[in-house]
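Keep the view open while reading.

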There are 2 protein chains.
Amino acid sequence: MQTVNVAVMGHGVVGSGVVEVLLAHEESIALKAKNKINVKYILDLRDFPGLDYSDRFIKDFNLILKDESIKVVVEVMGGINPAYEYVKACLEAGKSVCTSNKELVAAHGAELLKIAGEKNVNFLFEASVGGGIPVLRPIAQCLAANDLYEVFGILNGTTNFILTKMIKENMAFDDALALAQQLGYAERNPSADVDGHDACRKICILASLCFGRHVYPNQVRTEGITKITLSDVMYAGIAGYVIKLIGHSKLLDDGKISADVYPALIPNDNQLAGVDDVFNAVMVRGDAVGDVLFYGRGAGKLPTASAVVADVIDCVKHLQARKYLSWDDGDKDYVVDSKTVKTKLYVRAKVNDVIAAKAAVFAVLDEAEFIVGAEDNGEVAFITPAMVEQELTLAIESVKELENPAILHVLN
Amino acid sequence: MQTVNVAVMGHGVVGSGVVEVLLAHEESIALKAKNKINVKYILDLRDFPGLDYSDRFIKDFNLILKDESIKVVVEVMGGINPAYEYVKACLEAGKSVCTSNKELVAAHGAELLKIAGEKNVNFLFEASVGGGIPVLRPIAQCLAANDLYEVFGILNGTTNFILTKMIKENMAFDDALALAQQLGYAERNPSADVDGHDACRKICILASLCFGRHVYPNQVRTEGITKITLSDVMYAGIAGYVIKLIGHSKLLDDGKISADVYPALIPNDNQLAGVDDVFNAVMVRGDAVGDVLFYGRGAGKLPTASAVVADVIDCVKHLQARKYLSWDDGDKDYVVDSKTVKTKLYVRAKVNDVIAAKAAVFAVLDEAEFIVGAEDNGEVAFITPAMVEQELTLAIESVKELENPAILHVLN
């Protein structure tokens, strides 16, 4: 059995997990990869004395780049710089790259895949969406005989944990966030999670893969969960929904797509409604297969590391063959303005006079479904019929009886 | 772009679906397979006049076997004979084979995989478990960095449809079965489904793949759903469970495994509990990744055909390279007697005197949890603590106050 040398760039949570999994499962991985995998270098600017493998740490990226024995490079540094330059240089040097870096793939995926194609090496990033859950490879391979037309999912475990606490334990947003921080699920600065940026990167990657053209983060309307109140959670529950932060992308009739991240009311009988705590789930819809759902832990050291290592195994096993993962470059007109797409909305607002407000709503949206119970709090809450979103918001704004209405999307 | 010739053996529901998908998606499939795929022969003893592709039908298998231009053969005839002889001959002739035939794979998988390995061709059968849901390939590839230790799932859509009708609409078993037959979900002779044989074949394949050695159908204790009553469904509901037919296999401490098919009480908060109607779901547990669930339509012409075609694409793309799918031969001692494994049981029985019966149960199982409401029907129903199964059944049998107790498993 031959030995293939790999380098791991970054020794944070995921990076140390990757090294641990590669060492702990050395023999079974060698059987699967049909080669021994040797971690020759670990690139990190910090020192890690006292580890079994402390002698493998280096601080100079060029040692990896110039070492022709390194066939596969794992990028788990995170962030765009210097990850982008390093990954690009590795691919151009004919090394395969595996990464968990969703920010990098969402920003530069099409370009990096193109370089990998030209150099006949692999650029794999299963761990960038759904952590350890197999999602990207099954979409690319197993659903290859399908025309996919919709993908959506709970893509961020931190926000799902917070919403689950709000839904199941009636905990206010701030308290749930504090608990998530205490448990290590949320960062001190939680913006990437609670404002939806993390989910945005993931829906970019999913939409790019499902529909074949790159979607950039700035093309995705992104809304976080900071404005969700316990009233919203309660009214949604009364109406038979739960509120989840979802990434959502749909192929439209003209070949363009919509792409959004928003908190949405999910019907209780939808498979996503039962996905709680830090779990993630991705639903894909194809013309032949119908609905397919992938569920599991979307983050965490070992789940994510195991996905990266599976990519490494695949690269080592296919040093001479490319995997199918690829998509074309994007276009500024490819993602439509979501306001032009049909949707249902949920609306909640303080009112002076419940009966007058309801009448005013009915006057513009005669199929609105009011949620009972809101009136006890001097509010109205209702779900609109499905219409083009900007027409809906115009109609809602025209009802002067609604004070500062809070508006959420409803998944059809 | 080169053209690769394939043959399809069998033009039933799945076979005609395979041909339709290959023809309808010809261009996009060629892009993914990096070769044009040409259906050269369709083997079926029946005549199919009037189709666009009627000229491709043949009745002599030897035309396929002896045609060296046929690189990939699709076996969708079903049954063991002559599928087994044909598939074996094709593999030995150096042709890759894709099949949806779970009976064949469960009976002869290890042998056929071995021949494929010797001939350096592929033997793929994604569609044999979970229809169109990607399950086998993600387990083999994406979870490759994991030691898997448990796999279980709702593997049969027909029985899940029947149980869903019983649970949600209080329909009796016979009526639900009749409805399933009327809708085309169940065969005139429903035994393969309702007696658990279909699920048995699928758990054999899953356990073989997850744990690395072949499991044969006669090694799996198999129990169907014909004895489930509406009382069981109701009592389970009161206690916070739903009854589902599951295939279940677990790696034990000594390297052996357990493998069962049985109707089991599933806790409402388990992801399987929400899998209704004809949907299937497979849960896999790994040391690094934790719980991963795959969900979708487990049967049907197009979902199944799309999985077969994805395998064909994979074979065509990898004519020179083998996929990793493989496992070792089985052994008669490899699967333990399930009675020696720890489990919880649900027990329901008619009794003459509820109070006396409960006291007698408590005398032998002091942690039994009685389900309130059963006494209204002159019955007791309870859930036992987790113990070795044969000790539990001995204890239950020792309680003379229980008349013909009905016993079901409870998923922990």
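## Where the chains meet

Y295(A) stands opposite L293(B), a residue of strand 12 of chain B. Two strands count as paired if DSSP finds at least two bridges between them. Helices (H or I, at least four residues) and strands (E, at least two) are DSSP runs, numbered from the N terminus. The model is predicted: local features need pLDDT of at least 70 and side-chain atom pairs count only at pLDDT 80 or more, while totals for chains, interfaces and linings use all residues. Residues are numbered from 1 along each chain as its sequence is written, and chains are lettered from A and ligands numbered from 1 in the order in which they are written.

Chain A brings 39 residues to the contact and chain B brings 39 residues; two residues are in contact if their C-beta atoms, placed from the backbone, lie within 7 Å. On the chain A side, helix 2 (26–33), helix 6 (136–142), strand 12 (290–297) and helix 12 (301–317) each supply at least two residues. Helix 12 of chain A gives the largest share, nine residues. Sorted by class, the side of chain A that touches chain B has 24 nonpolar, nine polar and six charged residues. Here Ala, Val, Leu, Ile, Met, Phe, Trp, Tyr, Cys and Pro count as nonpolar, Asp, Glu, Lys and Arg as charged, and the others, Gly among them, as polar.

## Chain A as a whole

Chain A has 14 helices and 17 strands. Its radius of gyration is 23 Å, close to the 22 Å that the globule rule gives for 412 residues, so chain A is as compact as a globular protein of that length. The radius is taken over C-alpha atoms, and the rule is 2.2 Å times the number of residues to the power 0.38. Along the principal axes, the C-alpha atoms of chain A fill a box of roughly 75 × 45 × 35 Å.

Of the 412 residues of chain A, 53% count as buried. A residue is buried if 20 or more other C-beta atoms lie within 10 Å of its own, exposed if 12 or fewer, and partly exposed in between, with C-beta atoms placed from the backbone. Among contacts in chain A with a separation of 6 or more, 74% join residues 24 or more positions apart.

## The open sheet

Six strands of chain A form an open sheet in the order 3-2-1-4-5-6, with parallel pairing. Its edge strands are strand 3 (57–58) and strand 6 (123–124) of chain A, each pairing on one side only. Strand 5 (residues 96–99) of chain A joins strand 6 of chain A through two bridges in the parallel sense, and V97(A) stands opposite F123(A) there.

Is strand 10 (residues 257–267) of chain A mostly covered or mostly open? Mostly covered: 10 of its 11 residues are buried.

Strand 9 (residues 241–251) of chain A runs antiparallel to strand 10 of chain A, and 11 bridges join them. In this pair, K244(A) stands opposite A264(A). The hairpin of these strands has five residues between them, and G255(A) takes a positive phi near 85° in that hairpin. Strand 10 of chain A also runs parallel to strand 17 (residues 403–410) of chain A, joined by two bridges; there, the bridge partner of A264(A) is H409(A).
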